[in-house]
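Start with the structure itself.

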Amino acid sequence: MGLEACQSAVFRACHSYHSAAGRLVAKRPAASLVASLVVTLLLTACMLLGSWEARLEYRDTLSRSEAFKLFDATLDMFGGSPRTNEYKMSSSDGSNVLTKQAILKALEVDEAVLGLTYKGTRFEDVCLRPYLGGACTVDSAMYRLGLGREEVEALSQEELDSKLLAEYNSNAGGLGSLLGGLTLTDGKLSATSLRFRYLGEPSGQGRPSFVEFVTGTSNDALASATLEWESAFLALVCARPLMSSGIECATDSLSLGEGLSVTGTAQRFIQDEIAANATTSTKWMVVSINLILVLMWLALGGRPLRNSRLTLGTGAVAVILLSVGAGLGFSSLVGVPLTEISLLMVFVIVGVGVDDVIVVVDFLQRQPPHLSIVERISGALGGAGPAIQLTSLTNLIAFLIAATVDFPGVSYFCLSAGFTLFALFLLTTTLFTALLTFDERRRGAMRLDCLCCIGFGAGDSETGDAEPSSPSHKEDDKRAHSGLRAAVSSAARAYDCFVASKPVALVVILAFTSLIPLGFGFAIGNIPLGAELASYFPDGSPYVAYTADTQENFVALDTPGYLVLRDVKWEDASAQTAVDSLLAALESDDFVIAPYSTNNWLAAYRAVAADRGATASAAPPLRQSGDGFLADVAAFLKETDPQCVDRQLGGECLREIIPARYSKEVVWAGEAGASPITATRFSCTLAVPDEVKGRVELMNEHRATADANRGSIDAVVWSYFMLFSDRDRIVVRLVLETLAFAAAAVLGTLVFFLHPLSVAVIALAIASIDGGIFLLMYLWAVPLDAVAFICLAMSIGLSVDYVVHVAHAFEHEEGTPEQRIKAALHGIGWSVLKGGGSTFLGVVALAGADSEIFRTFFKMLFSTVLLGLLAGLVLFPACVIFVGKWITPKLLEKTPAGVAQADAVAKPAAAAEPPALQAQLERY
């Protein structure tokens, strides 16, 4: 069997299947409606079984990247990162806060935080302790100086200034991360804000269930208590009120004085603000759905309440929303988590669903009016079904291919979108078709739309096979729409001239083709990579404002870096020497601020061992290597008493450490001291650039240094920013690969349905559309992030829809290429244009959204719809003017039983088109 015969067989099979399905639903619409609703609602209920992924590390990074694997491994080895809660007391006029009076006020807030109790939970119940029984981890300039409120009250301003200056001058100071706007003038420090940090025990780090996300709770007792305390903390530090809690903002309750204010943030604030970003989209969904509803009323309309389809349009929107629920429910059932980006799917599916509904109704209007309702529904679904099936199939394939990318957020969205599109296709051919059957019965019985119990004619009929409307009503509709029809007719004639002109067609082809080198050759290399932090939060987010102020005024975001060492024989002196050499090499990189060699258990162990040897301490000596070394290390890491690591010549200790604080940095194979150390990490501080390219270069350089100097040691450098830099390093390649694979899969599928030349034209359209999207991204400065990636993945399926409908219609017309494309456009072009308009209306509300991530989605989808429509209504016609003569028409055999249906599939009936257009069709 040749390709053409195979395509004809596939088309006939699809046509027969959908005709039979339409006939079955039209005969038993009530049963179809009930069965569809029951299955859909059951699937929608499965959303309650789902989970919600808001952790950027597990959503917006590459799960198979080196950085993510190490991140995941360090969570298992060393535990999660502590929960950070902090506040700043600042002067609004920029005056100095290092005065005794201001510091006392800040310490008063500090005491209020430490004494804060909410629902029985205190800070000491949820705080991070560096070792069992240790003190809660709190950090501030005053804590580093060992000064509480009583100590400060006992000091004069000069003594206080002296202590601050001494700490500032010491290597261990680091006051820049705790004093904002820090300056040194004439030997005196001044600052505009004081920062206090309170670290909590890692908890609630997993993925919450969908119910937990909606309610803001946790089933884990510690996590739940932590969330409650952090809510109270946010209220105390004036970040967010907590209703009915009795907790007042410290700025007001503690009477800080004129010019001083408190603001802060907490770990839960991040997730709450991200969740708020998701919930703020709800109002835009409502706007979008209402716009679509109005469009449905207009697109499916007729004479109001008589031949209009207001109820059907409302039902169609309900069907589309039910498909979203079913798709997300099925996603939850198979373990695909939901994200706030998943909610963006609603805007897309609503638009795409309207496309399919409009096509089905338009095909119904082309059916001969003398047929029964069952036959008209069967013919409509037989004509529209194959095209809807084909576009749904290409969308599904594009999404499933894109879901294989190593980008969890993109993969989650694409899987959910693919499931939802499949549900939409099924519900369009079942539930909506049942609603359409009921509406046709209502029209045939001459009953009012929305008020179906009220008739409007003397000839009310109760039969299901009555005529849809009387001739007099049709004449009323014609007169009502004569102006619109005349305008459409004039536009169609102008468009006919445009389409039939070969010089114009050539210009169109060249213009679209030029988008390919402009997009892929120029624009994609100049598109910014990665979204800004603010994109993930609502506009005006207090968390973003707090973070921006911290970045501007504090030396606070110099990033911690880690050297993770595994399976090193630490008792071997040569292994320690190799590690020392590696540390020296890593510290030679310019961006290493605080070196690895001074902030690790080995350096502390050596310092304490040296101090004990030099002072003839009563404490047992610590061996530097060999037998007993690991036992000494284990004993050292259990010590909770301060140990001196730096003395003056007179013997006075300058710096002490508590060895037990390093205990979490060492992982033993078994019993501590009696088994080898399987993993450990040394920390440093890195000066990380703001720009993406600089971060990627830093990551590559630091990794190269480690690889070149580690020898046989299993050592890897890691820092949190590398999670995203590993993604940014290859994101362009990932995008291009995903687009190429998705396009190849879609085109490979189309070969079974369309002529190879049509598929070739569609391939040109895909390349042009993607090139155009890259160019618009460059012009709009849209970053290549998760949202842009998702939209690019969608562009293959969505943009192809418009071209496939036109190509499918073209291949089922006869005549010259010019005649065939004109007939195809008159038959399906208006439906395609209405479908594109509906998708645009589905996302246009996002242009005014309160978050950049949603506005980016609008820009990307607007570009896709615009270029897809131009490709379907302009580029494809221009191409087939030249190559259409080699594309063989596919027509159903016109047997006596199938003449009417074949005519309805091939071209619209005379009554369905404006008179001017029908006259042109008759000439063809």
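Lys119 is exposed, with a relative accessible area of 60%. The model shown here is predicted. Lys119 forms a salt bridge with Glu228, and the closest N and O atoms are 3.5 Å apart. This pair links distant parts of the chain. Lys119 sits in the loop between β2 (117–118) and β3 (121–122). Glu228 sits in helix α11, and the two residues are 109 residues apart. Glu228 is partly exposed, at a relative accessible area of 26%.

**The helix contact around Glu228**

Glu228 also takes part in a contact between helices, as one of the α11 residues that meet α13. Helix α11 covers residues 221–236 and helix α13 covers residues 267–279. Their axes come within 9 Å and cross at roughly 90°. An angle of 65 to 115 degrees counts as roughly perpendicular, so α11 and α13 are roughly perpendicular to each other. On the α11 side, the contact involves Leu227, Glu228, Glu230, Ser231 and Leu234. On the α13 side, Gln267, Arg268 and Phe269 meet them. By class, this contact has 3 nonpolar, 2 polar and 3 charged residues.

**Other salt bridges**

The structure holds 36 salt bridges.

| Pair | N to O distance | Relative accessible area |
|---|---|---|
| Lys119 and Glu228 | 3.5 Å | Lys119 60%, Glu228 26% |
| Arg442 and Asp449 | 4.0 Å | Arg442 8%, Asp449 0% |
| Arg733 and Glu737 | 3.1 Å | Arg733 44%, Glu737 33% |

Are Arg442 and Asp449 buried or exposed? Buried means under 20% relative accessible area. Arg442 has 8% relative accessibility, so Arg442 counts as buried. Asp449 has a relative accessible area of 0%, so Asp449 is buried as well. Their side chains meet in a salt bridge at 4.0 Å, N to O.

Arg442 and Asp449 also belong to a network of salt bridges. Arg309, Arg376, Asp439, Glu440 and Arg443 are linked in it too.

Arg733 and Glu737 are both in helix α27, which covers residues 722–750. They are 4 residues apart, about one turn of the helix. Their side chains meet in a salt bridge at 3.1 Å, N to O. Arg733 is partly exposed, with a relative accessible area of 44%. Glu737 is partly exposed, at 33%.

Conventions
Residues are numbered from 1 along each chain as its sequence is written. This is a predicted model: local features need pLDDT of at least 70, side-chain atom pairs count only at pLDDT 80 or more; totals for chains, interfaces and linings use all residues. Side-chain values use heavy atoms; hydrogens and water are left out. Axes are lines fitted to C-alpha atoms, for helices over the stretch in contact, and angles run from 0 to 180 degrees between N-to-C directions. Angles under 35 degrees count as roughly parallel, over 145 as roughly antiparallel, 65 to 115 as roughly perpendicular and the rest as oblique. Contact means heavy atoms within 4.5 Å. Ala, Val, Leu, Ile, Met, Phe, Trp, Tyr, Cys and Pro count as nonpolar, Asp, Glu, Lys and Arg as charged, and the others, Gly among them, as polar. Buried means under 20% relative accessible area, exposed over 50%, partly exposed in between (1.4 Å probe, protein chains only).
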